[in-house]
Amino acid sequence: MEKRSKIYVAGHTGMVGSALVRKLQKEGYSNLVLKTSCELDLTNQSAVESFFRNENPEYVFLAAARVGGIEANNKYRANFLYENLMIQNNVIHQSYVHGVKKLLFLASSCIYPKLAPQPIKEEYLLTGKLEPTNEPYAIAKIAGVKMCENYNLQYGSNFISVMPTNLYGPNDHYDLKTSHVLPAMLRRFHEAKFSQKEFVELWGSGTPRREFLHVDDLAEACYHLMHKYEGNVSVNIGTGKDISIEELAILIKEIVGYKGEISWDTTKPDGTPRKLLDVSLIHSLGWKHSIKLKEGIKKVYKERFLN
Ligand SMILES: NC(=O)c1ccc[n+]([C@@H]2O[C@H](COP(=O)([O-])OP(=O)(O)OC[C@H]3O[C@@H](n4cnc5c(N)ncnc54)[C@H](OP(=O)(O)O)[C@@H]3O)[C@@H](O)[C@H]2O)c1
């Protein structure tokens with residue numbers, strides 16, 4: 001990518017897209033094409049076709065998607081399947097039709113099999129059953145990974161895909177009905193502290209283990225791969241370290257300064273028992289995360305709740 005290259009960041013208002021824009025601008029890329037979903041609905045095939053015809057972007061970061069936590073994934077199953085398939089079909093296909101030089105597609109670590117051996121290697125994709133609560137989302141994302149791979153194989157395009165672990169950072173969602181575990185906990189503990197609640201109730205048993213990556217680290221990794229990687233393997237992006245949900249709750253409780261108790265609603269689903277990525281491929285490609293979990297959560301808490 002040249003500094004003057006025309007780069008389309010799809011989903012630039014979201015957590016990942018906005019981090020990619022910050023990174024590209026920091027590196028001196030100013031010819032960015034950015035459209036909100038109101039300006040360009042990526043599920044609309046003819047709108048996406050005319051956008052690519054008129055704008056002709058040279059590079060594409062595809063970070064637009066319907067995204068959410070367990071509850072949203074489970075409740076809006078049809079939306080997660082339909083919208084994600086439509087967005088990626090339209091953007092990936094039009095990128096091919098209009099000769100985009102390189103595209104990076106954001107997949108997700110939650111598309112690996114529910115009971116994949118740990119840590120999860122890239123080759124474990126499609127080797128077992130998916131987690132039922134997010135199966136529609138996973139099926140759509142797997143189709144996106146396979147589109148990149150098969151467009152490369154058939155048409156010689158240069159489309160890469162990545163598998164980020166759970167992310168957190170600026171522009172995350174804090175609506176408790178749709179948010180992921182880390183921002184939901186930050187909000188719950190923060191509100192409990194200020195309303196002096198005696199306890200905070202959290203979903204599940206607290207035993208599942210998860211890995212978390214600051215979205216600024218993810219943007220660094222995507223930028224690195226856009227320059228250094230070509231291939232059909234969807235590259236894991238994570239820290240290679242996990243933490244139990246209970247340990248995460250204790251850490252966030254401490255960062256927020258909440259003095260009450262934590263109780264666990266074990267009638268609610270836990271999701272996949274463990275999800276830790278094997279990050280040896282991206283390490284071998286010359287990238288490692290730099291933001292430690294405690295430091296990253298402190299920063300996010302300050303930016304979102306204390307300013
Ligand atoms: N968050 C995570 O923990 C995580 C982890 C792994 C992978 N990922 C992947 O990273 C990508 C981005 O996630 P995120 O957390 O940044 O999501 P997000 O904050 O919810 O942002 C989603 C973005 O997609 C756009 N969008 C949604 N529907 C659209 C449509 N029909 N037309 C045009 N734009 C549309 C939204 O635009 P508007 O705001 O204009 O509606 C927004 O900019 C996704 O592919 C996700 O699978 C995320």
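Asn158 counts as buried, at 18% relative accessibility; buried here means under 20% relative accessible area, exposed means over 50%, and partly exposed is anything in between, with a 1.4 Å probe and protein chains only. The structure is a predicted model, in which local features need pLDDT of at least 70 and side-chain atom pairs count only at pLDDT 80 or more, while totals for chains, interfaces and linings use all residues. Residues are numbered from 1 along each chain as its sequence is written, and side-chain values use heavy atoms, with hydrogens and water left out.

Back to Asn158, then. This residue sits in the loop between helix 5 and strand 5 (159-164); helices (H or I, at least four residues) and strands (E, at least two) are DSSP runs, numbered from the N terminus. The side chain of Asn158 makes a polar contact of 3.4 Å with that of Glu230. A polar contact is a pair of N or O atoms within 3.5 Å; within protein, one must be able to donate a hydrogen and the other to accept it, and residues adjacent in sequence count only if both atoms are side-chain atoms.

Another asparagine, Asn73, belongs to helix 3 (residues 70-75). Asn73 is buried, with 5% relative accessibility, and its side chain reaches the backbone oxygen of Gly68 at 2.8 Å.

Next comes the ligand. It is surrounded by 28 residues, and the closest are Thr13, Val16, Ser37, Tyr137 and Lys141; to be near a molecule or strand, a residue needs one of its heavy atoms within 4 Å of it. By class, this shell holds 14 nonpolar, twelve polar and two charged residues. In that count, Ala, Val, Leu, Ile, Met, Phe, Trp, Tyr, Cys and Pro are nonpolar, Asp, Glu, Lys and Arg are charged, and the others, Gly among them, are polar. At least two residues of the shell come from each of helix 1 (15-26), helix 5 (135-155) and strand 6 (166-168).

In the side chain of Asp41, an N or O atom is 3.0 Å from a nitrogen atom of the ligand. A polar side-chain atom of Tyr137 lies 2.3 Å from a ligand oxygen atom, and for Lys141 the distance from a polar side-chain atom to an oxygen atom of the ligand is 2.6 Å. On its own the ligand exposes 900 Å², and the protein buries 87% of that; accessible areas come from the Shrake-Rupley method with a 1.4 Å probe, and for residues only the protein chains shown count as cover.

Helix 7 (residues 215-228) has 14 residues and reaches 20 Å from its first C-alpha to its last, close to the 20 Å expected at 1.5 Å a residue. The expected span is 1.5 Å times one less than the number of residues in the helix. Ten of the 14 residues of helix 7 are buried, so this helix is largely enclosed by the rest of the structure. Among the buried ones are Val215, Asp217, Cys222, Tyr223 and His224.

Just after helix 8, Gly257 takes a positive phi of about 85°.

Most residues other than glycine have a negative phi, and most peptide bonds are trans. Asn56 has a positive phi, near 45°, and is not a glycine. Asn56 lies in the loop between helix 2 (45-55) and strand 3 (59-62) and is partly exposed, at 41% relative accessibility. Leu126, also not a glycine, has a positive phi of about 65°. Leu126 is in the loop between strand 4 and helix 5, where it is exposed, with a relative accessible area of 54%. Pro119 is found in the loop between strand 4 (102-106) and helix 5, and a cis peptide bond with omega of about -10° joins Gln118 to Pro119.
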